[in-house]
Amino acid sequence: DPKPWIPTSRPASSGKPLGINLGGITDFSASLIFLDRFKRGRKWVSQSHTQSVWDDGRPVDTDSYGYVRSLLSDQKAFSMFFTDTGDMICPVGLYELSYQGNPGPLTVEGLPTAFSITGTAEMISHDAVNKRAIVQLNNCGAAGLVINAVPNSNDYARDFTLVHVDDLESYNSGKIFSDVFLNNWKDFSIFRFMDWGETNNSNITTWESRAKVGDFSIPGNLNGVPLETMIALANELQIDPWFCVPHLATDEYIRNMVTLIRDTLDPNLTFYIEYSNETWNYMFEQNGYAQDQGIALELVDDGNRYLAGVRFHYLRTAQMGTIAAEVMADRREQMVVTVGEFTEIKWRADQGFEYLDAINMSGEIDAIAVAPYIGGELGYPESMDVVANYTIDQLLDEVEAAIPERMANVTEFVA
């Protein structure tokens, strides 16, 4: 039955009729999101001081936040934080690098005994007492941080930040996001954080294994953007957030996740919560997991793995909804428990809800979300030469013309 608290439309008069998925965080991203540029740093790679190999394959020893705490013989660790992003995306000029710990002597010229900046950036001064350095970013072609040595494994260099000097006052006052980023996305109604949470193929299981605010970088932790940061963005722009729960997440994880949302998200915002992403898609590990769990739980009696996966997807979504509803008991109307579905196969939704009806759990789900892809054919090889010469208006006309057909698939899901 329809639930009165679920938004059924976004009036155009609000100026925010559309929601959007925010893209993942990478060192080569064209989006300048965080004032601390190290947050976009790539996962550490192991390199040699004596051999020119990009990644020699050796493990890099890090603490639970991703900071290098020891190195092997003839080893250094490298993390790229800007890669071919263009000067319009990453402002060149002076940056302040700060850190904690006592890494030992640090030289500006020659081989440092602790860490250095390399590529298209250079360290031009260093204040060891105040643990500050000034870095000149000359262009955004390829700049990275190198840990050359860890002479003090009990108090290694950590808590690195890299902030443009023009942004220091804002950053030190607690500001997280760049004005460029905020202005680019302020006119949307919903942010879906699927990519920010690295939902596809996620390894997160327990609450302790989640991304943390103190992590060295977001790509480097492999677990995405911390939930706290997602909530901070939603609060700052007053945009409803859409969270995806990792497919391996425990009940405790779900409970803690929703508790954090309840306690820190602006109560005037509605939030959406969805189990994983595209569990029907064979590209992703959550597809095989859902099928394995469906078989293990004997959700089918004929060994049909596909149907077992469908039923598990709906069962786990409903279980998630039950846990979340307990946490949100006093503000249940603030939350929309959502099941994601494949636009092309309504049979999946029919089977999923039929199964939940049989075990009396359909009521734990508030909404079904389908995502028709529009304009994909414009990227086909046979279309690329023509499309490459389109104006923006021509491109948008092509996309608009495809909407009626795709929406016909969506309306099939309306009860």
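Biologist: What makes Leu 265 count as buried or exposed?

Modeller: In this predicted model, buried means under 20% relative accessible area, exposed over 50%, and partly exposed in between, with a 1.4 Å probe and protein chains only. Leu 265 has a relative accessible area of 3%, and is therefore buried. Residues are numbered from 1 along each chain as its sequence is written. The model is predicted, and local features need pLDDT of at least 70.

Biologist: Where is Leu 265 found?

Modeller: Leu 265 lies in the loop between α5 (251-264) and β14 (271-275). Helices (H or I, at least four residues) and strands (E, at least two) are DSSP runs, numbered from the N terminus.

Biologist: Which residues is Leu 265 in contact with, leaving aside its neighbours within four places in sequence?

Modeller: Contact means heavy atoms within 4.5 Å. On that basis, Leu 265 contacts Ile 231, Ala 234, Asn 235, Pro 241, Leu 260, Phe 271 and Gln 334.

Biologist: What do the buried residues of α4 pack against?

Modeller: They pack against α2 (179-185), β12 (190-192), β13 (240-245) and α5. Among the buried residues of α4 (residues 227-237) are Ile 231 and Ala 234.

Biologist: Why are α6 and α7 called roughly perpendicular?

Modeller: Angles under 35 degrees count as roughly parallel, over 145 as roughly antiparallel, 65 to 115 as roughly perpendicular and the rest as oblique. Axes are lines fitted to C-alpha atoms, for helices over the stretch in contact, and angles run from 0 to 180 degrees between N-to-C directions. The axes of α6 (residues 285-296) and α7 (residues 305-327) cross at roughly 95° and come within 7 Å. The two helices, α6 and α7, are therefore roughly perpendicular to each other.

Notes. This is a predicted model: local features need pLDDT of at least 70, side-chain atom pairs count only at pLDDT 80 or more; totals for chains, interfaces and linings use all residues. Side-chain values use heavy atoms; hydrogens and water are left out.
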